[in-house]
Amino acid sequence: MSALRLTATLLAAMAATPAPAQDFAITGATVALGDGSEPIENGTVVVRGGMIVAVGKDLMVTMDLPTINGAGKWVTPGLFASITNLGLVDVDAVSESNDVDAGDSPFGAALDVAPAINPTAQDFAYSRAGGVTRASVTPEADSSIFAGQGAMIDLGDDYDTVRLPRAFQFVELGERGARLAGGSRTSAHALLRNALREAGTFGEGARLIGGRTARSDAGGGDIGVDSRMAGDAERPGDVLLTRFDAAALVPVVAGQQKLYVEAHRSTDILAVLDLKKEFPALDMVLVGATEGWMVADRIAAAGVPVITAALSDLPVTFERLAATQSNVGRMVDAGVTVAIGGYETSGDHPRNLPQQAGNLVALNKRPGASGLTWGEAFAAITSVPASIAGMGGKVGVLAEGAIGDVVIWDGDPLELSSAPERVFIDGVEQNLDNHQSRLRDRYRTPAPGDLPKAYDW
Amino acid sequence: MKRLDWCGRRACAVAVLAGTLAACSAGSGTGTVGSASAGTPYASTYHAYPGVPTALVGATIFDGAGGRIDNGVVLFANGAIEAVGTSGLAIPADYRQIDARGKFVTPGVIDIHSHLGDYPTPSVEAHSDGNEATSPTTPEVWAEHSVWPQDPGFTRALANGGVTSLQILPGSANLSGGRSVTLKNVPGRTVQSMKFPGAPYSLKMACGENPKRVYGNRGQAPSTRMGNFAVNRQAWLDAREYAEGDRAKRDLGKETMAGVLDGEILIQNHCYRADEMALVIDMAKEMGYQVTAFHHAVESYKIADILRENGICSAVWADWYGFKMEAYDAIPENAALLHNSGACVVIHSDDENGIQRLNQEAAKAQADGHRMGIDIPDAEVVGWFTLNAARAMGIADATGSLEAGKMADVVLWNGDPLSIYSRPEKVWIDGALMFDALDRKHRPVSDFELGQPGEGDVK
C-alpha cells in the first residue's frame with residue numbers, strides 16, 4: 001500500500017474542511033489530458049499544493065516528491081458530470097429523500113439547490129469511486145417552466161461541496177415545458193418572455209444588477225444576486241412572478257448567469273436560438289437537443305453549447321422523432337461544442353459517463369454513422385463540460401495550473417473492463433469506500449459463519 | 001425515456017413493470033404450451049426468412065455454452081447451425097464465405113425481460129399497454145395482446161444489441177401480471193408472425209413495493225408485503241382447486257395458473273430483496289410450483305447459495321441501483337458473486353435502451369467481479385446474455401448457443417463483444433440475414449418511422 005494511501009475508513013467522520021493536499025508525481029503512465037488529444041505513453045503528472053504543476057512525456061521528477069509508479073495504468077483528469085441530481089436524492093422513489101423537483105412549491109426560478117446538496121448521499125460516493133470529481137447539480141422543473149438555479153460542486157469527501165452556487169438557471173421548453181406552462185408551447189414561450197421582461201424591470205427598480213463577488217476558485221465569480229436577498233422594490237400589480245422569482249432572473253436577463261434551456265425538437269431548438277434576438281445578453285446552454293443534428297449549423301453559428309445524452313436513438317416522444325446516436329458526432333462535426341451528460345433511465349448514473357462516451361468511439365466504425373475519436377469522446381466528459389460550466393482550463397484537464405483532480409485507472413477509462421483505482425480531488429486522495437463496497441465485502445461468501453452477517457463489519 | 005420499473009412522483013401509474021422468473025434448472029421447455037384446453041390460440045405464424053448457406057471463417061467464436069474457439073468456423077444452412085469448429089472444418093463450395101478474421105461470433109443475444117411492444121415508443125399514454133393495473137392478480141391477460149409490432153425499439157435491439165429473441169412481459173403493478181410472450185426479433189405485421197414457435201409461456205409475478213403501492217394507494221389489498229403474500233396464496237389455493245377439478249369451465253386466469261402447477265408455464269418473478277425471494281421460494285413449495293427466475297434480483301448476492309440450491313436463475317442489471325427503496329442494496333458485483341456461487345446469472349434489460357447493450361452490461365459485471373478477485377472467462381460471460389437466458393425462457397433446446405441443429409441465430413461482431421468499441425456487424429435469425437451494418441438498406445424501418453425525420457438513419 002502506498003504511503004500516500006489515506007488511512008481513513010468509513011468510521012472517520014466526514015471532514016468539515018478538506019484534508020490538506022498532497023504533493024506527488026505519477027510516472028510511467030498512459031496519460032490522457034482530457035483536452036481532446038490522444039493519450040500520451042509514458043507520461044508524468046506532477047501535483048503540488050492541490051494543483052497540477054507539470055504534465056508531459058518523460059518528465060524529470062525531483063527527488064523530494066513521493067512518486068506513484070503508473071506503469072500499466074492510465075491517468076486522467078477527473079470526470080465532469082453535467083446536470084446531475086447528485087446530493088439531491090437518496091432514493092428516487094422515496095419522495096421524502098428526493099429534493100430534485102418541487103411540484104407544490106410556490107416558487108420556480110428562485111429555487112436554489114445549493115443549500116439542499118448533501119455530499120453524504122451514497123450516489124456521491126459511488127460517483128466519486130467512478131472517477132467523477134466535479135459536477136453540475138440541477139433541480140428539475142415541476143412547479144413552473146423554471147426549474148431553479150443549479151450549482152457547481154466538487155465530489156470531495158468533505159463538506160466543502162458547493163464551489164459555485166447559482167451557477168445557472170434551468171428552464172424547460174418543448175413538450176415538458178408546454179405541459180408545465182398550461183398545455184402548449186405557446187404558453188411556455190409567453191411565460192418565458194414575460195418572466196425575462198419582469199426580471200429586467202425589477203432589476204432596475206430593486207437596483208439588482210447581478211454584480212459578481214470575487215471567489216477564489218475555478219468557477220470565477222459567484223453570482224451576486226441571491227434571490228433570497230431580493231430587495232423590496234415596489235412592483236406593479238400586473239405581474240406573474242413572485243418577488244423572489246423575479247430577482248432570481250435578473251442575472252439571467254443581464255447575461256451574468258447562464259440560462260440552461262432544455263429542448264429537443266429541431267424547431268424548438270431554433271426557437272431557443274431566436275431568443276437572443278429579443279434578449280441579446282442571454283448566455284444560453286442547450287440541454288437535450290435530441291434533434292440538434294438537424295439544425296447543427298444554426299446551433300454552431302449561434303455559439304450555443306450543448307449538453308446531451310450520447311445514446312438516445314428512439315422516438316420516445318414526438319419531439320425526438322429524429323433521435324440518433326450520431327447526434328453528438330454530427331453536431332461536433334458542424335462545430336458545436338458538445339458535452340455528454342444527462343441521465344434518462346434508472347441505469348444511467350454519472351459513473352457510467354465513460355460508457356456513453358466509449359459508445360461514440362465505437363460508432364465511428366459504422367458506415368453512415370458519426371461518432372467521436374477517442375480524444376473527442378473523453379473530452380466530452382472532461383474538459384468540454386468543464387468549459388461549458390465556466391471552468392475551462394482549470395477543471396477537466398491535466399495541464400499546468402489546473403486543479404489537482406486526478407484519477408488513476410486500471411486501464412483505458414472508456415473501456416468496460418476499467419475502473420478507477422485512486423482518485424484525487426484538489427490534490428487530496430479520496431476514500432473510495434461506500435455502502436456498496438461494504439455490502440460486497442460482507443457477502444463475499446453469502447452463507448453466514450459462526451455469527452450472523454450483521455456481525456461482519 | 002421511461003424508467004419502467006421506477007416510479008417517481010410524476011408518472012407512477014404507468015411506470016411500474018414486472019419481473020419474470022425462469023429457472024436455469026427448468027429444463028428445456030419444449031413443445032407448444034398453449035392453454036391445454038384451448039388448443040393453440042393466437043398461434044405463431046412465424047416462418048424463417050430465406051437465407052443462404054453461410055460460412056463465417058476466421059472469427060473468435062463464443063458458443064454461448066462456455067466454449068471459445070479462436071480462428072474458428074461457423075457453418076449454417078436451411079435456418080440451422082450445421083457445424084462449429086476450428087479452422088480445419090471443411091467448408092462446402094457453394095457456401096457464402098464471410099471473412100471474419102479479427103471479428104467475433106456469438107449466438108443471437110436474448111433478452112429475458114423486455115416490454116417492447118407493450119410499452120413502445122413513442123412512449124405516449126395511448127401506448128401504455130403493459131400493466132393491467134385494475135386488479136392485483138391478472139393471470140388472465142396475455143402480453144401478446146398488447147404488443148405493437150411497429151415499436152421502433154425492436155429495430156434498435158436488433159441493430160445495436162444483436163438481439164434475436166426476447167421475452168415480452170406484462171408489467172409489475174400486479175402480483176400476477178399475466179402471461180409473457182417470447183418473440184423472434186423479426187419485424188412483422190402481426191404479433192403472431194413474430195412469436196417464437198414452441199416457446200413456453202411464462203407467468204409474470206411481482207413481489208414487493210409495486211403491487212402494495214399500486215393497490216394500497218387505492219385503499220385495497222394488498223397494501224403491505226404480508227398482504228402481497230396473502231393475496232398470492234389465496235390465488236394459488238383457488239388455482240389448485242381449479243386444477244384438481246375437471247377444468248371444464250373456461251377460466252382464463254386459472255388456466256394460466258394451472259399451467260404453472262402443471263409445469264408447462266414458467267414463473268418469471270420480479271423480486272428485489274433477498275428476504276422476499278426466500279419467502280417466494282417457500283410459497284412455491286407450499287403451492288407446488290417452481291420459480292424459474294427472479295428478475296431485477298438486485299439482492300440475489302445475499303442468498304446466492306439458496307438460489308443455487310433451488311435451481312433458480314437471477315435476471316439482473318449490471319449496476320442499476322437506488323431508484324427505489326428495494327434497490328438500495330444493489331451492488332455491481334451481484335452477477336459475479338452469483339456466478340461464483342454456482343448460481344445461474346442472466347443479464348436482462350427491462351429497458352428499450354438497455355436492450356441495445358446487454359453485452360456491455362455483462363462486461364461491466366464481469367469486470368466488477370474481476371476487481372474483487374472473481375475471474376470469470378469471457379466465454380462464460382457471453383452465456384449470461386445467450387444460453388442462460390434461453391434456459392430460463394425454456395427455449396434452450398432451440399437457440400441460445402452455437403450447436404449443430406439449433407436455430408441459426410447468430411451475431412457477427414466487428415470486435416470483442418465484451419469491449420465498448422464493438423458493435424454487431426451482421427445478425428442472422430434462423431439463418432436469414434436480418435441486419436447488415438455494411439448495407440444501409442439492410443436494416444428494418446418500422447411503419448411508424450417511414451416518412452418521418454430520421455427514417456432509415458443509422459440510429
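Colleague: Which residues in α3(A) meet α4(A)?

Modeller: Ala195(A), Leu196(A), Glu198(A), Ala199(A), Gly200(A), Phe202(A), Gly203(A) and Ala206(A) in α3(A) meet Ala246(A), Ala247(A), Leu249(A), Val250(A), Val252(A) and Val253(A) in α4(A). Contact here means C-beta atoms, placed from the backbone, within 7 Å. Helices (H or I, at least four residues) and strands (E, at least two) are DSSP runs numbered from the N terminus.

Colleague: And how does that contact split by class?

Modeller: The contact of α3(A) with α4(A) has 11 nonpolar, 2 polar and 1 charged residues. Ala, Val, Leu, Ile, Met, Phe, Trp, Tyr, Cys and Pro count as nonpolar, Asp, Glu, Lys and Arg as charged, and the others, Gly among them, as polar.

Colleague: Before I go on, what am I looking at?

Modeller: This is a predicted model, where local features need pLDDT of at least 70, side-chain atom pairs count only at pLDDT 80 or more, and totals for chains, interfaces and linings use all residues. Residues are numbered from 1 along each chain as its sequence is written, while chains are lettered from A and ligands numbered from 1 in the order in which they are written.

Colleague: Thanks! At what angle do α3(A) and α4(A) pack?

Modeller: About 95 degrees, with the axes of α3(A) (185–206) and α4(A) (243–253) 8 Å apart. That makes α3(A) roughly perpendicular to α4(A), a label for angles of 65 to 115 degrees.

Colleague: New topic: which residues of α11(A) are buried?

Modeller: In α11(A), residues 435–442, they are Gln436(A), Leu439(A) and Arg440(A). Buried means 20 or more other C-beta atoms within 10 Å of the residue's own. Seen down the axis of α11(A), the buried residues fall within an arc of 105 degrees, so they line one face of the helix. That arc is taken over directions from the helix axis to the C-beta atoms. Their cover includes α1 (122–129) of chain A.

Colleague: And over in chain B, how many residues of α5(B) are buried?

Modeller: 8 of the 10 residues of α5(B) (252–261) are buried, so this helix is largely enclosed by the rest of the structure. The buried residues pack against β8 (176–179), β10 (202–206), α4 (225–244) and β11 (266–270) of chain B. Just after α5(B), Gly263(B) takes a positive phi of about 85 degrees.

Colleague: Back to chain A, how many helices and strands are there?

Modeller: Chain A has 11 helices and 18 strands. Of its 457 residues, 59% count as buried, and its C-alpha atoms fill a box of roughly 65 × 50 × 50 Å along the principal axes.

Notes:
A residue is buried if 20 or more other C-beta atoms lie within 10 Å of its own, exposed if 12 or fewer, and partly exposed in between; C-beta atoms are placed from the backbone. Two residues are in contact if their C-beta atoms, placed from the backbone, lie within 7 Å. Axes are lines fitted to C-alpha atoms, for helices over the stretch in contact, and angles run from 0 to 180 degrees between N-to-C directions. Angles under 35 degrees count as roughly parallel, over 145 as roughly antiparallel, 65 to 115 as roughly perpendicular and the rest as oblique.
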